[in-house]
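Here's a quick briefing to read with the model open beside you. It starts with the overall picture and then goes residue by residue.

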Amino acid sequence: MPLTLSKLRSKEATKTAAIEWEGETLTIQYRDAFPPLFYQLQSLRIQAAKSMESGKGVKFEDAANMSDALATVMASMIVEWDLMDDGDMYPLTFNTLAVLPLDFLFAVFDAIAGGSADPNARKTARRSRNT
């Protein structure tokens, strides 16, 4: 019998995170396997924050790239969540995630990242647990 992606992914550990958004709690179950784009996105987020702090702002193209990267990362990591659309779970696809507000996507991303602003923090923590 051939190996399927769903079978491969079913063996991955999952974790749960939650965010407060407009007085409601969103619970997110996600894969504890971070794709390389996750760390690149974290670096972009840090650069954007520094740009905003210095008063330069973020270029529209950079914001659009971050939105696409967020949708890509989340579509691959989130297993399920309790964001509902007419009684059904809001779909976890690139196209459906890419249309959500950027600040909401970053709130979900930050919850998955554990609130860490350092893209190397998770790697360091994982290495220290394994030694």
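This is a predicted model: local features need pLDDT of at least 70, side-chain atom pairs count only at pLDDT 80 or more; totals for chains, interfaces and linings use all residues.

Buried means under 20% relative accessible area, exposed means over 50%, and partly exposed is in between, using a 1.4 Å probe and protein chains only. Residues are numbered from 1 along each chain as its sequence is written, and side-chain values use heavy atoms, with hydrogens and water left out.

**Overall layout**

- The protein chain has 6 helices and 5 strands; these are DSSP runs numbered from the N terminus, with helices being H or I of at least four residues and strands being E of at least two.
- Going along the sequence, the elements come in the order α-β-β-α-α-β-β-β-α-α-α.
- Take the contacts (heavy atoms within 4.5 Å) in the protein chain with a separation of 6 or more: 60% of them come from residues 24 or more positions apart.
- The protein chain has an accessible surface of about 8,300 Å², and 55% of that belongs to carbon and sulfur atoms; the areas come from the Shrake-Rupley method with a 1.4 Å probe, and for residues only the protein chains shown count as cover.

- A111 sits in helix α5, which covers residues 102-113, and it counts as buried because its relative accessible area is 17%.
- Setting aside neighbours within four places in sequence, A111 touches A17, A18 and I19.
- A111 and T27 are 84 residues apart in sequence, yet their C-alpha atoms are 9.8 Å apart in space.
- Q42 belongs to helix α2 (residues 36-53), and with a relative accessible area of 4%, Q42 is therefore buried.
- From Q42 to F109 is 67 residues along the chain, and 9.0 Å from C-alpha to C-alpha.

**Loops with a positive phi**

- As background, most residues other than glycine have a negative phi.
- E22 has a phi near 50 degrees, a positive value in a residue other than glycine.
- Look for E22 in the loop between β1 (14-21) and β2 (24-31); its relative accessible area is 72%, so E22 counts as exposed.
- D86 also has a positive phi, near 55 degrees, and is likewise a residue other than glycine.
- You'll find D86 in the loop between β4 (84-85) and β5 (88-89), and D86 is exposed because its relative accessible area is 76%.

**A negative patch**

- E20, E22, E24 and D103 form a negative surface patch.
- Patch members need over 30% relative accessible area and no salt bridge, with like charges joined within 9 Å; a salt bridge is a side-chain nitrogen of Lys or Arg within 4 Å of a carboxyl oxygen of Asp or Glu.

**A proline in a loop**

- P91 is in the loop between β5 and α4 (94-97), and at 36% relative accessibility it counts as partly exposed.
- Beyond its neighbours within four places in sequence, P91 is in contact with T96 and L97.
- P91 and E80 are 11 residues apart in sequence, with 8.8 Å between their C-alpha atoms.

Methods
Patches are made of residues with over 30% relative accessible area and no salt bridge: like charges are joined within 9 Å, nonpolar side chains (Val, Leu, Ile, Met, Phe, Trp, Tyr) within 5 Å. Lys and Arg count as positive and Asp and Glu as negative; His and the chain ends are not counted. The place of a charge is taken as NZ of Lys, CZ of Arg, CG of Asp or CD of Glu.
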